[in-house]
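Reader: Hi! Could you walk me through this one, a helix at a time?
Author: Happy to. Here it is.

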Amino acid sequence: MLDGNSPWYLHLAQNFALIVASLVYLPFSNLILSLSYAFTFCFGDDAQRKRKRIRASPSFDPQCILVTGVGMSKGLALARLFYEAGHDVIGADFEPNGVPVNGRYSRSLRKFYRLPKPTAEDGAAYYINELLRAVKRERVDIWVSCSGVASAVEDAQAKEVIERRSHCRAIQFDVATTRTLHEKDAFIQETERLGLPVPETHNVTSRDAVHKVLHSPKRKSYIMKSVGVDDAVRGDMTLLPRRTLSETYNHVSRLSISRDKPWILQRFIKGKEYCTHSLVVDGGVKIFVACPSAELLMHYEALPADSALSRAMLAFTKEFVARRGNGMTGHLSFDFLVDETASEKGAELVLQPIECNPRAHSAVVLFSGMGQEVSKAYLSVLKDDMANGHDYDEQIVHPKDPSRYYWSGHDLVELVLLPLVLLLIGRMHLAIWLRGCSEFVAHLLFWRDGTFEVWDPLPWWMLYHVYWPGQFLTSILQRSKWSRVNVSTTKMFAC
């Protein structure tokens, strides 16, 4: 993997190779696109049939729902679910560098708005005004925010303005809640204040403070995390202290640590990682799913709702929301590590929350095909006990027989193309490459792509043949460097 210290010509080669790969696979993608349209033309599609059946009901009252972040898989997935459930869906998103996001071409959208991205110089005022203008122009009833990590607080500011100046209700936490949950140190402090378990965590604002913790008499292992958003170090999971004192000092000396750029030292927990996605409306959990996680999660498989781990993570989520009070409304996602501890009863598994994301999670793709159930949960924000002619019950919505999800472009590069390059230069064994190819074929045949739908294939095509090539070309023109990309969230990690 390239980093900020890698020479520019390697970054240039990386971008150029991925653009060429997009062109090479263009005929195959064109074939898939044509077959999808032909299949839909000949046999129709379930989403349209469901939509027509629902809208034909005299008691159905379609709502206008604005979904921001439709360029990301999570926003696109929600837009499709609302469309399937018969509602009118408006999409909006940033379009960085002028490259169109793939979600704007979805059949599920009635209209798309390009939004200006908040900047450090101009703030979020222009963004909020444009968002409010779209809400008023389209007479939006519900705004579902699917913000990225960099615009979470700005969306919270927008929520307060929109709900104050229109009839629209927002699925988004307020500013105070978002700030508390978004920052790693503030989240740990808040969780501890609520009396819930947290891993040992130290706030550090200098290198001296780091070494004081690392070299305390009780020798433990820690992971360092930047409190703010810093793509260059986000994937650094170096275990500290290192094997020697010199290695430890060298590693810490490379990090920018100050009061303006605080970090946390969190005790290393050798256990499996899990993540959750939930919808919280007026202090009640309406939607929930848990799944195995990773530092860069690109494969999704839901835990059974009745499994002990899923129930434990749901119980933590409900308890967290209940103890905070204030009628929270928004998307809530937690990252957990399972810590195995010894007790008088033997080995016990303890859930340790390590991070919180006060925004929608890509795991929402696991609710595919559940448009009515998901929509009903979101409509509860309107406080109408007879939402669309149906009594709204308090049963939490879980995925029903969910498929396993992957992103074909990511797996093609990670499992086939990049290992092939390493094989050709003698840095990988043939057996390992063949194992990766076998895994990719298995995903292709038995898993579902997180962007592709037969009845709505154009966003998938646009993602790999317009959006990403456009971003790679921009990187070449701007001479910018990146270490990796998240295909599902369309995020490039600058370095």
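**Helices, contacts and backbone**

Author: The buried residues of α2 are Ser29, Leu33, Ser36 and Thr40. Buried here means under 20% relative accessible area, exposed means over 50%, and partly exposed is in between (1.4 Å probe, protein chains only). Helices (H or I, at least four residues) and strands (E, at least two) are DSSP runs, numbered from the N terminus. This is a predicted model, where local features need pLDDT of at least 70, side-chain atom pairs count only at pLDDT 80 or more, and totals for chains, interfaces and linings use all residues. Residues are numbered from 1 along each chain as its sequence is written, and side-chain values use heavy atoms, with hydrogens and water left out.

Reader: What span does α2 reach, and what follows the helix?
Author: α2 (residues 26-43) has 18 residues and reaches 26 Å from its first C-alpha to its last, close to the 26 Å expected at 1.5 Å a residue. That expected span is 1.5 Å times one less than the number of residues. Gly44 follows α2, with a positive phi near 75 degrees.

Reader: Switching topic: at what angle do α8 and α11 pack?
Author: At about 85 degrees, with the axes of α8 (residues 184-193) and α11 (residues 308-324) 10 Å apart. The axes are lines fitted to C-alpha atoms, for helices over the stretch in contact, and angles run from 0 to 180 degrees between N-to-C directions. The two helices are therefore roughly perpendicular; angles under 35 degrees count as roughly parallel, over 145 as roughly antiparallel, 65 to 115 as roughly perpendicular and the rest as oblique.

Reader: Which residues make that contact?
Author: Phe187, Glu190 and Thr191 come from α8, and Phe316, Phe320 and Arg324 from α11. Contact means heavy atoms within 4.5 Å.

Reader: Which residues of α11 are buried?
Author: Ser310, Met313, Leu314, Phe316, Thr317, Phe320, Val321 and Arg324. Seen down the axis of α11, they fall within an arc of 155 degrees, so they line one face of the helix. The face turned away from that buried side carries the exposed residues Ala308 and Ala322. After α11 comes Gly325, with a positive phi near 65 degrees.

Reader: What about Arg107, where is that one?
Author: Arg107 is in the loop between β2 (88-93) and β3 (111-114). Arg107 counts as partly exposed because its relative accessible area is 35%. Leaving aside neighbours within four places in sequence, Arg107 is in contact with Thr40, Asp45, Gln48, Tyr83, Trp455 and Asp456.

Methods
Arc of directions from axis to C-beta.
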